[in-house]
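Here are a few friendly notes to read alongside the model.

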Amino acid sequence: MSVSDPVAVTPPPPRGSTRTIVIASIIVIIAFVAGVFTGIFAEHVWRMRRGPRHIPPMAARAMIERLDHRLDLTGEQRAKIEQVIDRHHARIEEITAATRPQVRRELDAANAEIEQILTPDQREKFQKMRMRLGPRHPRRR
């Protein structure tokens with residue numbers, strides 16, 4: 001080989017084609033979405049198994065957090081306050097259960113009045129979104 005002979009230059013191997021990067025990105029996004037849905041499903045199952053009475057409503061949790069933040073509660077104080085709220089929450093559930101039939105009748109009456117105002121097409125759509133009492137998932141009733 002002499003100095004005047006042309007040297008064959010080979011390009012460096014590609015680091016990653018666009019197609020490979022797109023496929024890898026899609027896989028990462030799918031894994032993320034699957035993880036989110038798995039987490040939501042796991043939390044739903046956990047809440048269903050634990051039961052609604054053991055989980056104070058969001059307002060009660062927010063109240064505990066607000067008290068803790070503003071009053072700098074000790075761990076013992078926070079635990080006692082949670083017990084108080086849980087105990088009263090159970091009583092509130094009893095009161096709510098006693099009035100639930102009356103509230104359900106009022107909601108049904110309001111829905112019936114609204115349906116009279118709507119067109120047939122609107123009534124069909126309204127059936128899916130009408131006012132309800134309690135969870136919207138049929139298995140929970």
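1. Which residues make a nonpolar surface patch of about 600 Å²? They are Ile29, Phe32, Val33, Val36, Phe37 and Ile40.

2. Val33 sits in helix α1, which covers residues 18–50.

3. Now step back to the whole fold. The protein chain has four helices and zero strands, and from the N terminus on its elements run α-α-α-α. Of the contacts with a separation of 6 or more, 38% are between residues 24 or more positions apart.

4. What about the surface? The protein chain has 141 residues, and 11% of them count as buried. Its accessible surface is about 12400 Å², and carbon and sulfur atoms hold 62% of that area.

5. The mean pLDDT of the protein chain is 78, with 74% of its residues at 70 or more. Among the elements, helix α3 (residues 75–117) has the highest mean pLDDT, 87, while helix α1 has the lowest, 83.

6. One stretch calls for care. The pLDDT is below 50 over residues 136–141, although the model gives this stretch seven contacts beyond near neighbours in sequence. Where pLDDT is low, predicted coordinates should not be read in detail.

Methods
Residues numbered from 1 in each chain as written. Predicted model: local features only at pLDDT ≥ 70, side-chain atom pairs only at ≥ 80, totals over all residues. Heavy atoms only, no water. pLDDT = per-residue confidence, 0-100. Helix = DSSP H or I, 4+ residues; strand = E, 2+ residues; numbered from the N terminus. Contact = heavy atoms within 4.5 Å. Buried < 20%, exposed > 50% of the residue type's maximum accessible area, 1.4 Å probe, protein only. Areas by Shrake-Rupley, 256 points an atom, 1.4 Å probe, with all protein chains shown as cover. Patch = residues over 30% accessible without salt bridge, like charges linked within 9 Å, V, L, I, M, F, W, Y side chains within 5 Å. Salt bridge = Lys/Arg side-chain N within 4 Å of Asp/Glu carboxyl O.
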